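Me: Hi! I'm new to this one and would like to walk through it with you. Could you take a look?

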Number of protein chains: 2
Amino acid sequence: MRILIVEDEPGISNFLKQGLEEESFAVDVAEEGNIGLRLALSGEYDILLLDWMIPGVSGIEICRQFRKAFQDTPVIFLTAKDTVDETIFGLQSGANDYIKKPFHFEELLERIRVQLRPKSGEHNEFTLGNIKMDLNTHQVFRDNEEIYLTQKEFALLEYLMVNKGKVCRRTRIIESVWDIHFDYNTSVIDVYINALRKKLMLRNEELIKTIRGVGYMAKDE
Amino acid sequence: MRILIVEDEPGISNFLKQGLEEESFAVDVAEEGNIGLRLALSGEYDILLLDWMIPGVSGIEICRQFRKAFQDTPVIFLTAKDTVDETIFGLQSGANDYIKKPFHFEELLERIRVQLRPKSGEHNEFTLGNIKMDLNTHQVFRDNEEIYLTQKEFALLEYLMVNKGKVCRRTRIIESVWDIHFDYNTSVIDVYINALRKKLMLRNEELIKTIRGVGYMAKDE
DNA sequence: TTCAGATTTTAAGGATATCTTAAGAAACTA
DNA sequence: TAGTTTCTTAAGATATCCTTAAAATCTGAA
């Protein structure tokens with residue numbers, strides 16, 4: 001799950017980034033409004049955390065524009081302001097929830113989970129051939145027998161299964177699963193594909209196909 | 001589509017080159033300003049990605065000189081600097097957009113597409129008879145059955161389909177798809193046309209026509 | 001803290017698909 | 001028909017991927 005934090009106070013954003021990464025979210029931080037808006041509109045995120053007051057475009061404006069493009073992605077405001085008017089204004093601009101600073105991390109986490117629940121509630125079981133994946137319980141089965149995957153293995157398989165039937169480019173995979181954006185001359189993907197195939201007992205072109213020069217693709221049959 | 005990257009950090013340029021090639025662009029890299037400028041002025045590129053600070057001629061200077069010669073070719077700056085002044089300076093020198101490092105590859109791609117849009121149209125799906133091509137998912141279908149093409153096969157078919165109804169000259173094809181500018185004394189095109197026709201199960205003048213002495217043309221029946 | 005075990009990443013040689021070249025056959029043009 | 005261009009096939013060169021093992025990093029318990 002990818003989270004974008006738009007927040008200009010490094011203290012808060014670092015705190016959140018670290019905490020959320022410990023909960024195995026992939027976190028990006030934007031410290032300025034225009035950058036935040038641009039990142040948000042890239043469509044790579046599953047949830048947005050927006051500060052109310054930030055340099056450049058305001059949080060509300062980001063929310064409004066973001067909502068036009070992505071109806072289903074939850075937005076949570078982090079705000080020091082607590083007047084009723086402004087809160088209403090914020091929710092009207094399309095936010096799903098808000099939380100007042102200062103807040104307990106646990107509480108924020110709970111709200112994030114609440115927001116992600118309904119959306120993923122429908123779509124959190126995926127199948128690929130005889131492989132079944134449950135995002136809620138973080139489990140993978142092969143013919144109803146549980147297979148134990150590590151975090152990265154799970155994240156990679158999730159990416160492939162969410163994009164079942166589409167070719168997943170190496171660059172996209174490494175950005176989404178490893179959060180690496182530069183200097184990518186690594187063979188981690190190969191190694192993890194290999195590990196997945198082994199654990200899932202797949203022959204090389206079975207269910208997870210290699211698309212030479214481009215990436216991989218999960219496909220039934 | 002041909003892209004020139006002027007960037008002296010091999011980590012970044014390799015990353016970009018690979019990613020863009022996965023999107024079937026033909027990519028050249030210059031690591032030094034003078035070389036970059038010379039290549040840019042050759043007029044062979046559809047878009048330029050310029051680093052701000054490079055050895056030799058600066059990115060801004062390249063941009064300015066390039067803009068004099070080619071008004072319509074978009075230029076995007078890759079810059080680590082983020083002050084407003086310098087950005088404005090960059091845009092005044094004729095750049096169409098800029099992106100701050102570090103950035104998401106997705107975002108850069110989106111900006112490249114935005115810049116190329118007015119020229120090439122925003123279609124990412126093309127059809128040719130019963131052949132369907134999806135650039136987003138990097139897939140080709142014949143009567144809704146997927147056909148697996150190699151990189152070069154895909155790039156060649158893309159070139160033909162983008163230019164559907166127009167005669168594609170051999171020299172243009174080889175420049176755009178193979179990045180070869182001299183020595184047209186090769187028969188790669190023939191070999192790949194043959195491979196395409198085989199995989200797509202086309203008779204010789206069906207959908208992909210041979211224009212003797214000139215090249216090939218994709219055409220609906 | 002320190003240590004052991006698990007996970008992640010790096011590295012390198014072997015395996016294999018793709019790319020390119022080359023050459024003879026076939027088809028077209030004049 | 002002669003000459004040119006394209007088609008087709010095969011094989012060597014190249015690039016990418018697979019696989020393994022070991023190094024680095026992370027994690028949790030003593």
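Me: Which residues come nearest to DNA strand C?
Reply: Keep in mind that this is a predicted model. There are 21 residues around DNA strand C, and Thr150(A), Gln151(A), Thr150(B), Gln151(B) and Lys152(B) come nearest.

Me: Nice. And which elements give two or more residues to that surface?
Reply: In chain A, they are α6 (151-162) and α8 (188-200). In chain B, they are α6 (151-162) and α8 (188-199).

Me: How many residues of each class does the surface near DNA strand C have?
Reply: You'll find 9 polar residues there, along with 6 nonpolar and 6 charged ones.

Me: Switching topic: what is the order of the strands in the open sheet of chain B?
Reply: That sheet has 4 strands, ordered β6-β7-β8-β9, and their pairing is antiparallel. At the edges sit β6 (125-128) and β9 (145-147) of chain B, each pairing on one side only. From one strand to the next, the twist averages 25°.

Me: How many bridges do β8 and β9 of chain B pair over?
Reply: Strand β8(B), residues 139-142, pairs with β9(B) over 3 bridges, in the antiparallel sense. In one of these pairings, Arg142(B) has Glu145(B) in β9(B) as its bridge partner.

Me: Last topic, the two protein chains. How many residues does the contact take from chain A and chain B?
Reply: The contact takes 19 residues from chain A and 19 residues from chain B. On the chain B side, α1 (10-22) and α5 (105-120) each give two or more residues.

Me: Which element gives the largest share on the side of chain B?
Reply: That's α1(B), with 7 residues. By class, this side of chain B has 10 polar, 5 charged and 4 nonpolar residues.

How values were computed. Residues are numbered from 1 along each chain as its sequence is written. Chains are lettered from A and ligands numbered from 1 in the order in which they are written. This is a predicted model: local features need pLDDT of at least 70, side-chain atom pairs count only at pLDDT 80 or more; totals for chains, interfaces and linings use all residues. A residue is near a molecule or strand if its C-beta atom, placed from the backbone, lies within 6 Å of it. Ala, Val, Leu, Ile, Met, Phe, Trp, Tyr, Cys and Pro count as nonpolar, Asp, Glu, Lys and Arg as charged, and the others, Gly among them, as polar. Two strands pair if DSSP finds at least two bridges between them. Axes are lines fitted to C-alpha atoms, for helices over the stretch in contact, and angles run from 0 to 180 degrees between N-to-C directions. Two residues are in contact if their C-beta atoms, placed from the backbone, lie within 7 Å.
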